[in-house]
Amino acid sequence: MEYPGILDTIGNTPIVQLKKVLPFEKPVVLAKLEFFGPGGSVKDRLALALIEDAERRGALKPGGTVVECSSGNSGIGVAMVAAVKGYRAIIVMADKNSKEKQDIIKAFGAELILTPKEAHPDDPNSNYNTAKRIAEEIEGAIYLDQFSNPANIEVHYRETAKEIWEQTNGELDFFFAGIGTGGTISGVAKYLKERNPKIKIFGVDIEGSVYSDYFYKKTMPEPRLCQVEGIGGDNLPENVRFEYFDELVMVSDKESFSWANKLCRTEGIFAGSSSGAVVAALVESAEILKDFKLGVSIFADSGYKYLSKQFSPEWMRAMGYAE
Ligand code: PMP
């Protein structure tokens with residue numbers, strides 16, 4: 001008898017109906033709880049997919065080093081997969097991301113390099129450029145590059161989307177997800193649109209990000225720092241496939257934190273701030289959604305990673321987010 005290892009528990013996450021937090025009863029909205037997984041986020045799928053893709057291509061050899069630039073969850077996933085498979089992992093992350101995520105990355109034995117949150121994507125000290133440089137400097141190292149690696153979209157097309165389709169018998173008519181690298185929403189959207197082009201795809205963006213302006217006006221604003229982690233962008237990654245999106249809904253840090261707290265108290269779902277952003281976007285879209293029947297939304301990670309942020313009343317007060 002062969003028993004599973006920890007990496008075999010990645011994926012196949014549950015969906016639950018949101019029954020109380022939304023101010024409407026129709027349409028029915030389901031949440032796919034991606035924090036049910038060993039690294040606690042949607043990015044476990046990505047980490048395993050990117051590393052196994054690099055192994056298959058021969059780019060990553062036994063004893064090699066993986067370098068990734070992350071807002072924390074991919075870093076946790078990569079650190080975990082690397083620990084199991086015996087690779088050295090170096091995670092590069094902007095210093096705005098939570099202390100909890102930083103500590104989890106180190107707990108898995110990865111090396112963590114923090115970059116200044118103010119660094120513009122073109123700055124040599126930005127997280128992207130730092131990760132690229134480190135990978136070039138170390139022999140046998142590869143930069144996984146979730147922002148443009150096609151294996152990112154592919155894993156969500158192959159796994160996340162298929163699960164959603166099966167869990168709803170293909171009866172959904174809309175889908176909501178936050179956009180970070182774009183991998184989750186682009187992979188799921190591609191699959192859903194292929195099966196039913198009428199399904200509407202709503203991307204959730206955060207104030208300060210460049211995605212919404214680009215989507216609606218084809219302009220590129222100067223990016224501004226936001227506190228919600230994992231969504232929004234300061235440039236246009238290849239994996240954000242705008243052609244699959246029907247609407248982009250922009251929400252604020254304050255709304256996202258507030259809805260993450262309400263989600264906990266009404267539904268008993270302890271999710272992160274990007275899930276709060278998704279709820280805020282659903283609420284904001286109530287009018288448009290009146291004509292729909294069934295939707296699925298992605299809850300990317302859990303509240304445990306943000307005890308020092310939106311679940312700290314002191315932090316919420318100090319930042320001016322408390323109500
Ligand atoms: N929410 C959180 C908390 C995340 O860490 C991420 C990943 N950056 C996302 C949403 C968005 O996922 P993706 O990168 O696939 O767009």
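A quick term before you click: with a 1.4 Å probe and protein chains only, buried means under 20% relative accessible area, exposed over 50%, and partly exposed in between. What you have loaded is a predicted model, where local features need pLDDT of at least 70, side-chain atom pairs count only at pLDDT 80 or more, and totals for chains, interfaces and linings use all residues. Numbering runs from 1 along each chain as its sequence is written, and side-chain values use heavy atoms, with hydrogens and water left out.

Select Cys-264: at 24% relative accessible area, Cys-264 is partly exposed. Hop to Cys-226, which is buried at 8%. For Cys-226, the nearest cysteine sulfur belongs to Cys-69, 14 Å away.

Next, the ligand. Show the residues near it (a heavy atom within 4 Å): there are 17, and Lys-43, Gly-180, Thr-181, Thr-184 and Ser-274 come nearest. Now look for polar contacts, pairs of N or O atoms within 3.5 Å. The side chain of Thr-184 puts a polar atom 2.6 Å from a ligand oxygen, while a backbone N or O atom of Gly-182 is 2.9 Å from an oxygen of the ligand. Ser-274 brings a polar side-chain atom to 2.7 Å from a ligand nitrogen. How much of the ligand's own 390 Å² of accessible area does the protein cover? The answer is 96%, by the Shrake-Rupley method with a 1.4 Å probe.

Last stop: the cavity, a set of points on a 1 Å grid over the protein atoms alone where a 1.4 Å probe fits but cannot get out. To see its lining (residues with an atom within 4 Å of a point), select residues including Ile-10, Phe-36, Pro-38, Asp-44 and Arg-45.

Conventions
Disulfide = S-S within 2.5 Å. 1 Å grid on protein atoms, 1.4 Å probe; cavity = no way out; pocket = protein on both sides within 12 Å on 5 of 7 lines; lining within 4 Å. Polar contact = N/O pair within 3.5 Å; in protein donor to acceptor, adjacent residues only side chain to side chain.
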